[in-house]
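Take a look at how two chains meet, and at which side chains pair within and between them. Begin with the model itself.

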Amino acid sequence: MTVSDSHSHIIILGAGKGGTALLESFLNLPGVRVLGIADKNPAAPGLKLAQLHHIPTSQHPLDLIQKNDIHLIVNVTGDPTLPALLQPYTNPGTEVLGGSASKVLWELIQHQIHVQSQLFQAEKLAGFGTFASGIAHDINNPLYVILAMAEAIQEETDITEIRQQAVSIHEAAKRIQTISQDITQYARASRSQEFVQVHIDKQLNEALKIARFATKFQDITIDKHCQDGLVIYAKPEEILQVFVNLLTNAIQAMEGKGTLTLSTEKQDGYVHVAITDTGCGIPSENLQKIFDPFFTTKAVGKGTGLGLYNVRTIVRKYQGELEVESAIGKGTKFRLVFPCFPSN
Amino acid sequence: MTESTAAMFSGHATNGRVLIVDDEPDVRKVVRMTLEKAGYDVIEAEDGEKAIQAINQGENPLTLDVVISDIRMPKINGVEAINYFQQQWPRVPIIVLTGFPDMEMATGFLKKGIVDYLVKPVEKEKLIGAVSKAIQQREIHRL
């Protein structure tokens with residue numbers, strides 16, 4: 001057996017729900033390298049995810065398992081006879097995990113995914129304190145128009161004026177409806193664990209709707225340079241959360257005044273996203289710590305210290321990259337890179 | 001009550017001249033409707049920059065009795081505009097009218113000499129009461 005590096009080399013058999021969950025978790029583990037995934041169903045979700053990460057896929061296990069540097073084969077096909085069938089073709093140093101062992105492993109991973117998603121949700125809801133006064137502001141303005149005009153209209157005799165005020169009341173009510181929809185859409189827990197095509201521009205726009213509640217002032221210029229049609233393969237809620245966190249930080253760093261620059265482009269099969277603010281900047285001694293869990297410089301109750309930690313966890317999950325550069329008094333730039341979909 | 005300067009300059013009797021600064025036309029309209037019914041003369045500005053222009057225009061520097069200002073506005077935000085008003089026209093009382101129900105911010109403004117911090121939606125009696133109180137304060141300053 002040749003061991004080319006210190007990673008554990010793994011082949012996954014089965015790319016349905018179990019195989020996808022395993023793959024997703026293994027992608028996050030620095031000591032593990034997945035060398036291939038097989039499923040007889042060419043449309044199995046795990047195959048698509050693997051292709052995105054340039055991991056070899058096949059409909060036939062034998063295509064993958066005969067390599068000589070495989071340490072472990074995990075069988076989650078649900079077919080208990082498969083390991084025995086494959087035994088003659090595997091190298092002596094390769095272990096095959098099947099039956100209850102792989103079932104326990106799968107359950108552990110399911111549990112870990114569940115805990116992770118609860119952590120994301122907790123941070124999202126805890127972060128709502130940041131938006132509370134912004135949301136109240138955006139509701140109170142149209143509410144004032146509705147209440148005052150509905151009262152005035154009762155004494156108004158000029159029919160043109162009555163009509164005009166009715167239009168204003170209707171518009172104000174519609175604004176409240178939009179705010180309510182935006183908030184509930186963001187606040188609800190991820191309904192779906194499915195990977196789908198995610199349009200970067202759409203998620204950035206959705207995130208801006210939420211992040212704008214993070215400031216009491218409205219003196220921020222938004223400068224967007226976005227390439228059309230950039231798509232990645234991901235869970236939309238997670239990408240939205242990445243953008244909401246980064247945009248909220250940027251807006252807060254500017255204390256209501258400055259320029260927020262958003263740019264996206266496709267380069268060599270990767271989507272590049274840059275979020276730049278002209279805010280206060282991050283001191284160099286903190287730059288190393290900002291992605292640590294529970295690190296925050298915000299006042300108690302204003303920040304959970306989980307925002308950037310979750311951002312990094314999500315970006316890593318998608319085999320992406322996250323970089324930050326900052327200058328005190330000038331601003332901060334976060335650069336994100338995600339593999340494009342389709343990956344060519 | 002002393003006859004207001006607005007009435008003296010414009011030649012018709014009003015209870016006073018009020019500048020409303022808010023980026024939302026319908027909010028300005030509601031404030032205008034409420035105050036005009038109560039006998040005030042109302043001028044409007046959509047942001048801090050326009051407010052500064054308005055306050056410097058014609059007779060306004062002399063006739064303006066009260067400024068009602070939002071704080072979340074484009075270009076020059078409310079805090080900057082209020083700082084400017086206070087420096088240039090320290091005797092013109094300022095009322096903040098905002099959608100932010102924020103005690104901390106309210107206290108900060110009141111310490112800076114803002115006469116009232118009103119949160120939208122504000123009842124018309126409360127708005128008229130605040131304007132009337134502010135104008136009394138203006139009259140006292142004139143004595």
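The text below goes from the interface to the salt bridges and then to the aromatic rings.

This is a predicted model, in which local features need pLDDT of at least 70, side-chain atom pairs count only at pLDDT 80 or more, and totals for chains, interfaces and linings use all residues. Residues are numbered from 1 along each chain as its sequence is written, chains are lettered from A and ligands numbered from 1 in the order in which they are written, and side-chain values use heavy atoms, with hydrogens and water left out.

Start where the chains touch. In chain A, 28 residues are in contact with 33 residues of chain B. Contact means heavy atoms within 4.5 Å. The area buried between chain A and chain B is about 2,500 Å². Carbon and sulfur atoms give 54% of that area. Buried area is the accessible area (1.4 Å probe) that two parts lose on being put together, summed over both.

Polar links cross the interface too. Nine residue pairs, both at pLDDT 80 or more, are in polar contact between chain A and chain B. A polar contact is a pair of N or O atoms within 3.5 Å; within protein, one must be able to donate a hydrogen and the other to accept it, and residues adjacent in sequence count only if both atoms are side-chain atoms. Which elements of chain A give two or more residues to the side that touches chain B? They are helix H6 (128–153) and helix H7 (159–187). Helices (H or I, at least four residues) and strands (E, at least two) are DSSP runs, numbered from the N terminus. H6(A) gives the largest share of this side, 15 residues. By class, the side has nine nonpolar, 10 polar and nine charged residues. Here Ala, Val, Leu, Ile, Met, Phe, Trp, Tyr, Cys and Pro count as nonpolar, Asp, Glu, Lys and Arg as charged, and the others, Gly among them, as polar.

Now the charges. Side chains of opposite charge can pair when their charged atoms come close. A salt bridge is a side-chain nitrogen of Lys or Arg within 4 Å of a carboxyl oxygen of Asp or Glu. Arg212(A) pairs with Asp138(A), the closest N and O atoms being 2.5 Å apart. Arg212(A) lies in the loop between helix H8 (200–211) and strand E7 (219–226) and Asp138(A) in helix H6 of chain A, so the pair ties together parts 74 residues apart in sequence. Asp138(A) is buried, at 10% relative accessible area, and Arg212(A) is partly exposed, at 33%. Buried means under 20% relative accessible area, exposed over 50%, partly exposed in between (1.4 Å probe, protein chains only).

Four salt bridges cross the interface of chain A and chain B. In one of these, Glu161(A) meets Lys29(B) at 3.0 Å, N to O. Glu161(A) is buried at 18%, and Lys29(B) is buried at 19%.

Finally, the rings. Five aromatic pairs occur over all chains. Tyr84(B) and Trp89(B) form an edge-to-face pair, 6.0 Å centre to centre with 70 degrees between the planes. Rings of Phe, Tyr and Trp (its six-membered ring) pair if their centres lie within 6.5 Å; planes under 30 degrees apart count as stacked, over 60 as edge-to-face and the rest as tilted. In chain A, ring pairs link Phe195(A), Tyr233(A) and Tyr318(A) into a cluster.
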